[in-house]
Amino acid sequence: IPEEIVAFSGKKIIFAGVPGKKDLLSNLVQAALQVIKEGLSVQIIVVGVDNSQRAHFFQDESFLSYSNHFVFLGRKPQEQIPGYYHLADFSAIIREPNRKNSAGFPTKMAESMASGCPVLLNATSDLSDYVADGQNAILLSDYRVETIASRLRELVALSPDQIAQMKERARQV
């Protein structure tokens, strides 16, 4: 586990996977950057994208100034992914609600919940049937950067006890 993750004392959000056209990782990055610039302590851990590709998710070179807030780990063996979920306070699944994204159930959701990691997500597929906002997830009303930033502010304000309760509820799904 990289030291920058272990040493970080704020809220940690993991994105696991290779973001294709379906995952809106750049929206999460832009929202996180917005709240980080406001002084809030959030770290985005990306498993599946390495440092050489990180610039694709930023609109400028701001990732250089906030590098401890954005950790790009590259691809990892599948059996290591649950360990990263355990380190995080939340995972993120943010997708445009279209026909393709609504057709299946994201395996990321099952992996995250089984690892006891609540999810920051918007409703695609039938995901909203498995989550309760504020109980085992933070449900976004849409996938816009402003919406994500607003909910990130709420996420950062959660106490360690509230997060522990959400983690326990996530395991029960």
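Buried denotes under 20% relative accessible area, exposed over 50%, and partly exposed in between (1.4 Å probe, protein chains only).

The views show a predicted model, in which local features need pLDDT of at least 70, side-chain atom pairs count only at pLDDT 80 or more, and totals for chains, interfaces and linings use all residues. Residues are numbered from 1 along each chain as its sequence is written, and side-chain values use heavy atoms, with hydrogens and water left out.

**View A. Salt bridge between Asp 133 and Arg 151.** A salt bridge places a side-chain nitrogen of Lys or Arg within 4 Å of a carboxyl oxygen of Asp or Glu. In this pair the closest N and O atoms are 3.1 Å apart. Asp 133 lies in the loop between strand S5 (119-122) and strand S6 (137-140) and Arg 151 in helix H6, so the contact ties together parts 18 residues apart in sequence. Helices (H or I, at least four residues) and strands (E, at least two) are DSSP runs, numbered from the N terminus. Asp 133 is partly exposed at 39% relative accessibility, whereas Arg 151 is buried at 15%.

**View B. Salt bridge between Arg 95 and Asp 23.** The closest N and O atoms lie 2.8 Å apart. Arg 95 belongs to the loop between strand S4 (90-93) and helix H4 (99-103), and Asp 23 to the loop between strand S1 (11-16) and helix H2 (25-37); the pair therefore ties together parts 72 residues apart in sequence. Both Arg 95 and Asp 23 are buried.

**View C. Salt bridge between Glu 38 and Arg 153.** The N to O distance is 2.7 Å. Glu 38 is partly exposed at 43% relative accessibility, and Arg 153 is partly exposed at 31%.
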